[in-house]
Amino acid sequence: MKPPRTFARAATRRRLLWIIPLFVLIAAVVTHGVRDRAIAAQVLRADPEAILGDPMLRDAAIAAGHPVYAQHCASCHGAAGKGDRTLGVPHLTDNEHLYREGTVAQIEDIARYGIRAGNKHGWNLAVMPAYASKNPDAAEPLPPQTPAQIETLARFIHAFTAGVTDPAAQQRGRDAYNKAGCWDCHGRDLGGDGAIGAPALTDDIWLYGGSIADIRRSISRGRAGMSPAFARKLTPAELRNVAVYVASLAPIQSDRK
Amino acid sequence: MTQDTASPTPTPTPTPPPTLAPAGALWDVHQPVGRRSLLLAAVGALLGLGIAGYGLFTAQGTRTASIPAEDAALVNAIPVLRADLIAQVTALYSVPYAQTTRSQRQKVLDDMVREELYVQRGVEMGLSNDDIDVRQALVQATEGQIAQDAATAKPAEDELRGWYTAHRAKYASEGLMTLHEWRVPAGADPQRAVAALRSGTAPDALGLKTTGRVDDGEEFYFAAQEHLGTRVFAVARGLADGAISNPIPSPDGVHIVQMIRNTRPVATPYPEARDQVLRDFLADKIARLQEGNKRFLKKRADIKIAADLQ
């Protein structure tokens, strides 16, 4: 039996009441997804250093980068990016960067290829030799230092932040610094070399601590911190997003390259 | 009276000849229209094809439709990463990427494309088998890959502590010693010289001369061992502060060691050694993974070794 015409119209109207919002919802979800994908692609195509200056790209990258950071980086760098001195893991919320200037592109490179992580694209150059050992450096024949020389060097470096109390000892320290070849990485002016990850020794920023005992230990036992290479573990988008997130943790630098 | 009691039989309605549904019927869902079913099926098929095509041409590894956002170029479907381009451009011109010109970027990209083409050609030509540098680079890169995989997961604190406990001696400080090494003059009695030294007689008074091997003051154990030789060092290591050794016969005469101060190695507390523990733990993990990888590769490979070399 055929339903009356008016009943059929009412049923159609009821159906439309469900179908139209459903279509609108689907359209909204699809549009949102397409828009998100477009923004994600824009984040990847953009000049990395321009992302933090573009509110739309910045927000999208930071929102996507935060969970990546939490999953892969926070175990060493800490949830708030404050680092860990016992492991020589750097503080990410200051403006000090051991490896160059801390641009988004440089952070992304480190996340992708690591530091001393076995990837040839990565930063594998400098290792702090262990001068209280028979062979201080595996890659280069360097002479070990005597306990007295190590003590002189440690006091010399410590004096830059603690203050010079004995100018003669400071001169002996400088002679020891030059003789031991420390300048080769840290520079004649002790200003460091960001290109090889050799830190400046005259400021009060310390990766492993700046007490005289910490400095003595760094000279005696050496240091060689490592950052893993995530090239095979994270997608390009995740790497870019996490780099933007990490860069956003540091205060804005007007001269950032 | 005859009454027609039979109910009136409905006259069968003649079936209308099949005609095309009126135009408006296609959109009236209450009217069955064959064309609508076909249309919906066609739309569904097209939608399915579209989704399948999108998946096929945009999935990872099948980058054929367009250049993915993260890539600067595709060379025979092998990507050249934008990030690598940026790194190379900034390294080459020493200016921020934004300040480089289009031609500078294109030049670097052109070089990268050329490199990729040559790499692909090299693989085609079998250089990975022939060229010694390529072979070494491949071995190192494969080893490096294993190292990367091993390092991306940070070990748990318990694992690090366990490692430290098992290798505590490795994290001890280097021992230190300050000492004199005397040579007994020819004809003198070494035992008497030792007894005199132990009773406080000055070495000069006994005619003892230094060997000159450890006169630089405090030395690390490894340096003292290097200077004294294994045999004399072993004796020296066992001496307490202020102790005098027994005579030690040596090729150049009899030696006596006078220990001034012997500071033995001290275990470094875990928090101070943590960075080194992590480094050693990972190095060991990498070595084990590489060993396991070698076993796996050997197991799956078909290796035949000549009978005389087995």
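This is a predicted model: local features need pLDDT of at least 70, side-chain atom pairs count only at pLDDT 80 or more; totals for chains, interfaces and linings use all residues.

What percentage of the residues in chain B are buried? I got 18% of the 310 residues in chain B.

**Chain B, overall**

I counted up the secondary structure next, and chain B has 10 helices and 7 strands. I then checked how chain B is divided: domain 1 covers 71-125 and domain 2 covers 173-263. I also looked up the spacing, and the C-alpha centres of domain 1 of chain B and domain 2 of chain B are 65 Å apart. For contacts in chain B between residues at least 6 apart in sequence, I noted that 56% join residues at least 24 apart.

**Where B meets A**

How many residues of chain B are in contact with chain A? I found 37, and they touch 44 residues of chain A. I went through the elements of chain B that give two or more residues to that side: α2 (82-93), α5 (132-151), β5 (219-220), α8 (221-228) and α10 (270-300). The largest share comes from α10(B), with 8 residues. Sorting the chain B side by class, I got 19 nonpolar, 7 polar and 11 charged residues.

**α6(B) against α10(B)**

Helix α6 (residues 157-166) of chain B packs with α10(B) at an angle of about 95°, and their axes are 9 Å apart. Angles of 65 to 115 degrees count as roughly perpendicular, so I wrote α6(B) down as roughly perpendicular to α10(B). From α6(B), I listed B:Glu159, B:Leu160, B:Arg161, B:Trp163 and B:Tyr164 in the contact. Their partners on α10(B) are B:Tyr270, B:Ala273, B:Arg274, B:Val277, B:Leu278 and B:Phe281. By class, this contact has 8 nonpolar residues, 3 charged ones and no polar ones.

**α6(A) against α9(A)**

Over to chain A for another helix pair. I found that the axes of α6 (residues 147-162) and α9 (residues 212-221) of chain A come within 9 Å and cross at roughly 130°. That angle therefore makes α6(A) and α9(A) oblique to each other. I logged the crossing of α6(A) past α9(A) as right-handed. On the α6(A) side, the contact residues are A:Ile150, A:Leu153, A:Ala154, A:Arg155, A:Ile157 and A:His158. On the α9(A) side, I have A:Ile212, A:Ile215, A:Arg216, A:Ile219 and A:Ser220. The class tally for this contact is 7 nonpolar, 2 polar and 2 charged residues.

Key: Residues are numbered from 1 along each chain as its sequence is written. Chains are lettered from A and ligands numbered from 1 in the order in which they are written. Domain bounds come from an automatic or database domain assignment. Two residues are in contact if their C-beta atoms, placed from the backbone, lie within 7 Å. Helices (H or I, at least four residues) and strands (E, at least two) are DSSP runs, numbered from the N terminus. Ala, Val, Leu, Ile, Met, Phe, Trp, Tyr, Cys and Pro count as nonpolar, Asp, Glu, Lys and Arg as charged, and the others, Gly among them, as polar. Axes are lines fitted to C-alpha atoms, for helices over the stretch in contact, and angles run from 0 to 180 degrees between N-to-C directions. Angles under 35 degrees count as roughly parallel, over 145 as roughly antiparallel, 65 to 115 as roughly perpendicular and the rest as oblique. A crossing is left-handed if the near helix is turned anticlockwise from the far one by less than a right angle, and right-handed if clockwise. A residue is buried if 20 or more other C-beta atoms lie within 10 Å of its own, exposed if 12 or fewer, and partly exposed in between; C-beta atoms are placed from the backbone.
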